[in-house]
Amino acid sequence: MKPAPFDYVAPTSVEEACKVLAEAGGGATVLAGGQTLMPLLNLRMSQPFVLVDINKIPELSGISRSENGIRIGAATRQCDALSNALLAAELPVLVEALRHVGHHQTRNRGTVGGSITLGEPAAEQPACAVALGASIEIASVRGRRSVAATEFYVGPFMTVLEPDELVTGITFPHWPSGHITLFRELAQRPGDFALVGMVGALALEGGSITRAGLGWFGMGGTPIRARAAEAALLGQALDSVNADAIAELALSECAPFDDHHASAEYRRTVGRRLFAKALREALTVREAA
Ligand SMILES: Cc1cc2nc3c(=O)[nH]c(=O)nc-3n(C[C@H](O)[C@H](O)[C@H](O)COP(=O)(O)OP(=O)(O)OC[C@H]3O[C@@H](n4cnc5c(N)ncnc54)[C@H](O)[C@@H]3O)c2cc1C
């Protein structure tokens with residue numbers, strides 16, 4: 001299997017990359033870690049005229065902290081994010097989620113931005129972005145814009161990104177130190193995409209929940225934010241939370257589908273239990289601490 005012929009460019013700045021994307025008029029494709037794109041090229045399911053390799057653009061790599069939150073450059077390797085001390089200290093749920101993304105080999109090349117941009121509905125990182133309230137930074141020759149992760153995904157593998165736009169980074173808002181994290185997924189084998197998964201964070205003040213970010217993956221055509229479940233948790237004391245009722249509310253916000261891995265009904269059944277168990281266990285551990 002060989003890809004169709006294409007030109008290859010490796011710009012060293014965002015501006016240069018955006019110029020190539022604009023001039024290609026929709027015929028260019030961005031190459032990040034290549035873990036999804038290379039097979040698509042080899043199978044000729046993707047046939048760009050120009051491949052824009054973003055791996056030599058310094059602005060796109062690295063993880064930094066600012067007043068607005070924690071920014072992950074789009075071309076940051078998943079393995080680097082996984083071992084990053086700032087993320088481990090401030091966004092531990094993202095690190096936990098990254099452990100479930102593919103394998104050592106895929107994480108060594110795969111990028112955080114590649115996963116976010118691809119928009120696989122069963123992927124862990126897009127769900128983290130949606131649940132935790134992240135925003136996606138986008139650049140083009142027309143300028144820069146920022147889109148809330150909840151607005152970024154419009155369908156399976158579909159986002160609001162225009163063909164001439166480049167994702168430059170993802171910014172996660174700060175969550176207070178000591179917040180509760182939730183992560184649970186069911187996959188057929190380690191490293192597989194999840195059949196069903198949930199992710200979230202809860203902030204506390206005086207023993208009550210003051211902020212909640214909860215989301216699903218593998219439970220619909222996009223990552224899903226469980227807003228009704230979040231609203232129901234606000235103001236509740238840890239020992240008064242009914243995890244089953246919250247899971248039921250969260251489930252009402254999903255639209256799981258049948259595919260050759262599992263039926264929608266199976267996903268609902270597992271999702272309900274998995275969500276309730278993750279919530280119950282996280283609250284019990286915190287109460288005991
Ligand atoms: C065996 C295997 C198992 C995997 N398991 C999992 C899993 O369990 N969970 C999971 O979440 N993922 C999984 N993946 C996916 C993988 O981890 C990568 O996240 C994914 O392939 C995309 O990242 P990438 O950097 O390789 O992007 P690429 O393959 O380079 O690009 C993917 C797509 O995004 C576009 N793109 C990439 N970056 C940008 C950007 N900055 N701006 C605009 N467009 C961009 C590309 O043009 C392309 O269309 C698996 C992959 C493999 C091969």
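Student: Which residue in strand 3 is the bridge partner of tyrosine 8?
Tutor: Tyrosine 8 has leucine 51 as its partner there. Before we go on, note that this is a predicted model, in which local features need pLDDT of at least 70, side-chain atom pairs count only at pLDDT 80 or more, and totals for chains, interfaces and linings use all residues. Residues are numbered from 1 along each chain as its sequence is written.

Student: How do you know that strand 1 and strand 3 pair?
Tutor: Strands are DSSP runs of E with at least two residues, helices are runs of H or I with at least four, and both are numbered from the N terminus. Two strands pair if DSSP finds at least two bridges between them. Strand 1 (residues 7-9) and strand 3 (residues 50-53) are joined by three bridges and run parallel, so they meet that definition.

Student: What makes strand 2 a partner of strand 3?
Tutor: Four bridges join them, in the parallel sense. In one of these strands sits valine 30, whose bridge partner in strand 3 is valine 52.

Student: Why is the unit of strand 2, helix 2 and strand 3 called right-handed?
Tutor: Look with the strands pointing away from you: a crossover is right-handed if the path from the first strand over the helix to the second runs clockwise. Strand 2, helix 2 (residues 37-42) and strand 3 make a β-α-β unit of that hand.

Student: Why are strand 11 and strand 14 called edge strands?
Tutor: The open sheet has the order 11-12-13-14, with antiparallel pairing. Strand 11 (180-186) and strand 14 (224-225) each pair on one side only. Strand 13 (residues 208-217) is joined to strand 14 by two bridges, and tryptophan 216 stands opposite isoleucine 224.

Student: Is arginine 44 buried or exposed, and how do you know?
Tutor: A residue is buried if 20 or more other C-beta atoms, placed from the backbone, lie within 10 Å of its own, exposed if 12 or fewer, and partly exposed in between. Arginine 44 has 11 within 10 Å, so it is exposed. Arginine 44 lies in the loop between helix 2 and strand 3, and has a positive phi of about 60° although it is not a glycine.

Student: What makes phenylalanine 157 partly exposed?
Tutor: Its count is 14 C-beta neighbours inside 10 Å, so it falls in between. Phenylalanine 157 is in the loop between strand 8 (153-155) and strand 9 (158-159), and its phi is also positive, near 60°.

Student: Which residues does glycine 191 touch?
Tutor: Gly102 and His103, leaving out residues up to four places away in sequence; contact means C-beta atoms, placed from the backbone, within 7 Å. Glycine 191 is found in the loop between strand 11 and strand 12 (196-205).

Student: What makes a set of residues a nonpolar core, and how many are in the largest one?
Tutor: A core joins buried Ala, Val, Leu, Ile, Met, Phe, Trp, Tyr and Cys residues through C-beta atoms within 7 Å. The largest has 81 residues, and Ile54 is among those with the most contacts inside it. Helix 12 (residues 264-288) gives the most to this core, with seven residues. Isoleucine 54 touches residues including Val30, Leu60 and Ala75.

Terms used: Contact = placed C-beta atoms within 7 Å.
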